[in-house]
Every structure is written in C-alpha cells, then in structure tokens.
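Hello,

Please find the structure below. My notes on it follow.

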Amino acid sequence: MINVAVNGYGTIGRRVAHAVLKQPDMKVSGIVKATPDYVARMAAKTFRIYVPDEISARKFKEAGIDTAGLLPDLLSTSDIVVDATPEGMGEKNRTMYTGKINAIFQGGEDSSVADASFNAYSSYGECYGKKSVRVVSCNTTGLARSLFPVHSEIGIQHVSATLIRRATDPNDSKKGPINAIEPSLKFPSHHAPDVKTVIRDIDIDTVAVKVPTTLMHVHVVDARLRKNATREEVIGAWSKFRRVRLISGKDGLASTAQIMDMSREGNRDRSDLYEIVIWQDSVSVKGDRLNYIQAVHQESIVVPENVDAIRSSLGSAGQYESIDLTDRSLSIDREVFY
Ligand code: NAD
C-alpha cells in the first residue's frame, strides 16, 4: 500500500484525500490542516490530522480537535505527499520534501517547482519515476484532455482558445469579480505555455477572461488541424478517452447551470464532474478548421490526475493500468448520468 500524505485540505486537497481512500493500492497516512474550522472537525472523523506548525497546534488544542503531530512527523510515515496548499506555498514547502519524499504539486505553482508536469493522457511516461511532479491547473487539464486525442490521432497545427474563467470556488465569499468582466491583459495568458508543459509539440495561444460565476470554466476552442478531417473523425478520437465526455444542448444542457445540475443527479462525491465536457452541438469541422466549446468543473477535474500522478511518480503502475484503476474507483468508467 502507498502511504499518501495530503498537505492542504481545501478544494483540491479534500477531494484528493477522499479519492485516495477509494484506491485499492493506497491509503491516506494523514492530512495537514492549518485552521480548526468545520472542515477540520468533519475531516477528523476520517483522517489523522497533522498541523503545519506549533501556532496551528495550539489553535487545534484550544478548539478541542485532536492532532497527530506536525507536518515532518507525517512525512516520516508517508511514501509521497500531495501538496494542495494555496497557490505559491508549494514552492516554499518544496525544501521540506526534497531528498526525503516524492511530492505531487498543483497547477497554482510555477512549472519549475517539479521535475515534470503531469496530465494522465499526455505526460504519464515523462513523469514516471520522477521525485516531484506538478499536476497542471484545471484549465490546462481541460485543454490537454480534449486537445491531446485530436493532436495524437489527426494532428494540430495551431490552437487559439478563449477561456471564460469562473471568479472563484463556490465555498469562497472573499474573491470576485462580483459585477465585472476581468480580462487577463497578457497575451497569451499563462495557460498556453502551461499546455506546452504537458503536450510539448503543440502550438497554442490563449486569452482568459474572468466572469462572476463559481460553477465552471468554459473554453471556446478554434484549432487548425494538420490535414482536412471530418467531424466524425474528431468525435471518434475523443470517444477513445473516458475522461472526455460529449454532451448536448438538445438534452437541456444549455449552460454550466444545467451541467452541474446533471452532475448533482449523478450522485458522485460532492457532485463532482471529473470529465471534460464538450458540447457536441458546438463541434464543427470545415476542412482543416476545428471549433468546439467545452466546460471544466474546476473543483474536481484534476482529482483523477492527482491519483495517477502518485502512481506515475512512484512508478507503481503503468499508464493505462493506473487510469483504469482510477476511473473504476471514481465511477468514470460507468454511466452515472444518462
Ligand atoms: P484552497 O484555498 O481551497 O485550499 C488550500 C488549503 O490549504 C486551505 O484549506 C488552507 O487553509 C490550507 N493551508 C493554508 N496554509 C497552510 C499550511 N501552511 N499548511 C497546510 N495547509 C495550509 O486552495 P485550492 O483551490 O484547493 O488550491 C490548491 C492548489 O490547487 C493551488 O495550487 C491551486 O492553484 C490548485 N488548483 C485549484 C483549483 C480550483 O479550482 N480550486 C483547480 C485546480 C488546481
């Protein structure tokens, strides 16, 4: 059994910890939580809780929540750590892991934080056996999921993608915008170079615009293919990959509101939607030009990738062995919607 430590128990950390619990070859050695809030009280029912420092230890004691020790204690009993602390903190934590334990970082960190960047379809092999691996962000994972099948089956010359980004996650009441549209003024946005960390030979530009919603991101993709193709060939390429799901506006899935409503009906943990969802109505292929629109559930799309990144980093399973195990455990291999 692989002993997995989860440092940071927020949107991503708590989902990864519960996904690890479902794996036949892994267990959670403990989680690290900084504040003794309702999330910590609920986590204490399932996990051993560790704290980052003595200040947090004192706060947990005052709140009456038992802790098992400090982060270094947890690292000493684990095979690998998944760092899901806030953006930028993984870089600071890196020195605590280097030379002691394999580490999985998240997409909020710069790519230089780790030996390689991870997407289960496109860079499992490149990350195999690497001491540190960074799972790319939700937007980058979404783009890589739909672009890799087309790039490997048909070939892509250039991608131009517009990312309409959710403002923050549903559990956050601090960030905005609340009543504004906020474009990223840098061209390309940081997402394009990030996609190249997991699909090295792709030529891509991205622009990103933040809007006041918390449910999902939406990507409008315009790609020039290496040769003329048909809509059926593109859809056929996607259909070989379980983490790519085609949906239709004709079924009432007109917006991210209905997609997440469908996901709630699917009864997965936290109503999560691990797949990238592509509106099949939006898929257009004219000669060598491909257009489509997709939606990303930012809170959960990277969860299967984190599980696979653990196996890839430790070299404990081959690519499709790991993907199959992960998909089975998270019900990605079954029809839970309709
Ligand atoms: P989050 O703020 O929801 O969770 C981070 C958690 O770490 C919080 O619970 C915070 O209290 C805790 N924390 C703070 N200081 C700590 C410390 N010293 N030690 C341990 N824990 C500490 O953040 P998140 O959204 O889960 O993001 C984590 C990483 O995942 C970031 O790199 C982010 O960019 C990336 N990511 C986020 C999303 C998303 O949509 N939320 C999607 C993909 C990737």
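Arg14 is found in helix α1, residues 11–21. Helices (H or I, at least four residues) and strands (E, at least two) are DSSP runs, numbered from the N terminus. This is a predicted model: local features need pLDDT of at least 70, side-chain atom pairs count only at pLDDT 80 or more, and totals for chains, interfaces and linings use all residues. Residues are numbered from 1 along each chain as its sequence is written, and side-chain values use heavy atoms, with hydrogens and water left out.

Is Arg14 buried or exposed? Arg14 is buried, yet has no salt bridge. Buried means under 20% relative accessible area, exposed over 50%, and partly exposed in between (1.4 Å probe, protein chains only). A salt bridge is a side-chain nitrogen of Lys or Arg within 4 Å of a carboxyl oxygen of Asp or Glu. For Arg14, the nearest side chain of opposite charge is Asp37, 7.0 Å away. Lys and Arg count as positive, Asp and Glu as negative; His and the chain ends are not counted.

Which residues touch Arg14, leaving aside its neighbours within four places in sequence? Arg14 is in contact with Tyr9, Val39, Asn171 and Arg270. Contact means heavy atoms within 4.5 Å.

Next, Arg270 itself. Arg270 lies in the loop between α10 (256–265) and β14 (276–279). Its phi is near 55 degrees, a positive value in a residue other than glycine. Arg270 counts as partly exposed because its relative accessibility is 35%. Ser271 lies in the loop between α10 and β14 too. Phi of Ser271 is near 60 degrees, again positive in a residue other than glycine. Ser271 has 19% relative accessibility, so it counts as buried.

Now the backbone at two prolines. Most residues other than glycine have a negative phi, and most peptide bonds are trans. The bond from Gly176 to Pro177 is cis, with omega near 5 degrees. Pro177 sits in the loop between β9 (156–166) and β10 (182–183). The bond from Phe187 to Pro188 is cis, with omega near -5 degrees. Pro188 lies in the loop between β10 and α8 (191–196).

Last, the surface. Ile164, Val220 and Ile293 make a nonpolar patch of about 180 Å². Patches are made of residues with over 30% relative accessible area and no salt bridge; nonpolar side chains (Val, Leu, Ile, Met, Phe, Trp, Tyr) are joined within 5 Å, like charges within 9 Å. Areas come from the Shrake-Rupley method with a 1.4 Å probe; for residues, only the protein chains shown count as cover. Ile164 is in strand β9. At 31% relative accessibility, Ile164 counts as partly exposed.

Best wishes
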